Amino acid sequence: MVRLAPSLLSADFAHLARDVRALEAAGADALHLDVMDGHFVPNMTFGPPVIAALRPLTPLPLDAHLMITNAETTVEAYIAAGVNHITVHAEACTHLDRLLTFIKSRGCTAGVALNPSTPPDLLRYLPQVDLVLVMTVNPGFGGQSFLESQIEKITWVRSLRAEKGLSFDIQVDGGITQDNIGRVVAAGADIIVAGSAVFKGGISEIPNNMNRLRHG
């Protein structure tokens, strides 16, 4: 069964503890943390202090997606805050291979995010990757519409994984709804990130929304 990593980008930032507990009770497999810096993407969200405050509240894995330009110099702060997994963007790293190796050496799993325009062939040269995040929107904002063109990329990434005998997870993020999740999973997704689709209707609807996504 597909794993769900709800995005806290769609949570109520004034009641994050409450929303985290609701997601845990509803069966979330991990919590997805969209970290934005106002440079690599135009929006800004939260950083290590907020993540450190969340860490004691839940045993769920914390999955940090760093949409930032200075991951190579700040990644240690996210590790210290208690994240379990860190995904970075190839375009934002000077030495991607070195950064991925460093993340893994510090006890976290490491991932690479592919923007809609990012060629996926770079994955051939990164055998240490634990996760590939296929973005099905352009990063920076929640609530965007799913880009159908990225279905082909998900399928390509799955084929490369089989060709190379690799074991990384395929995560998909952006515009996922009950209407399209079936095709995304069929294309090869192992983990689905969803924000608006999980939180729509308010906190009381989280269990129903997640159930619909799991059985979409």
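In the predicted model, strand E6, helix H5 and strand E7 form a β-α-β unit of right-handed sense. Strand E6 covers residues 131-135, and helix H5 covers residues 150-164. E6 and E7 are paired in the parallel sense, and 5 bridges connect them. In this pairing, Val132 has Ile170 of E7 as its bridge partner.

The chain then continues from E7 through helix H6, residues 181-187, to strand E8, and this β-α-β crossover is right-handed. E7 and E8 also run parallel, joined by 3 bridges. Of the 5 residues of E7, 4 are buried, so the strand is largely enclosed by the rest of the structure. The cut-off for a buried residue is a relative accessible area under 20%.

The protein as a whole contains 8 helices and 8 strands. Its radius of gyration is 16 Å, close to the 17 Å that the globule rule gives for 216 residues, so the protein is as compact as a globular protein of that length. The C-alpha trace spans about 45 × 35 × 30 Å along the principal axes. Of the 216 residues in the protein, 53% are buried.

Pockets were also examined. The largest pocket has a volume of about 330 Å³, and 26 residues line it. Those nearest its centre are Gly142, Gly143, Gly174, Gly175 and Gly195. Two or more lining residues come from each of strand E2 (31-36), strand E8 (191-194) and helix H7 (196-199). By class, the lining is made up of 11 nonpolar, 12 polar and 3 charged residues.

The second largest pocket has a volume of about 250 Å³. Its lining consists of 15 residues, and Arg3, Ala30, His85, Leu131 and Ile191 lie nearest its centre. Strand E1 (3-6), strand E3 (62-67) and strand E7 (169-173) each give two or more residues to this lining. In this second lining, 6 residues are nonpolar, 4 are polar and 5 are charged.

Key:
Residues numbered from 1 in each chain as written. Predicted model: local features only at pLDDT ≥ 70, side-chain atom pairs only at ≥ 80, totals over all residues. Heavy atoms only, no water. 1 Å grid on protein atoms, 1.4 Å probe; cavity = no way out; pocket = protein on both sides within 12 Å on 5 of 7 lines; lining within 4 Å. Points joined across faces, edges and corners; volume = space filled by probe spheres on them. Nonpolar A, V, L, I, M, F, W, Y, C, P; charged D, E, K, R; others polar. Buried < 20%, exposed > 50% of the residue type's maximum accessible area, 1.4 Å probe, protein only. Pairing = 2+ DSSP bridges. Right-handed = clockwise from strand over helix to strand, strands pointing away. Rg over C-alpha atoms; globule rule 2.2 N^0.38 Å.
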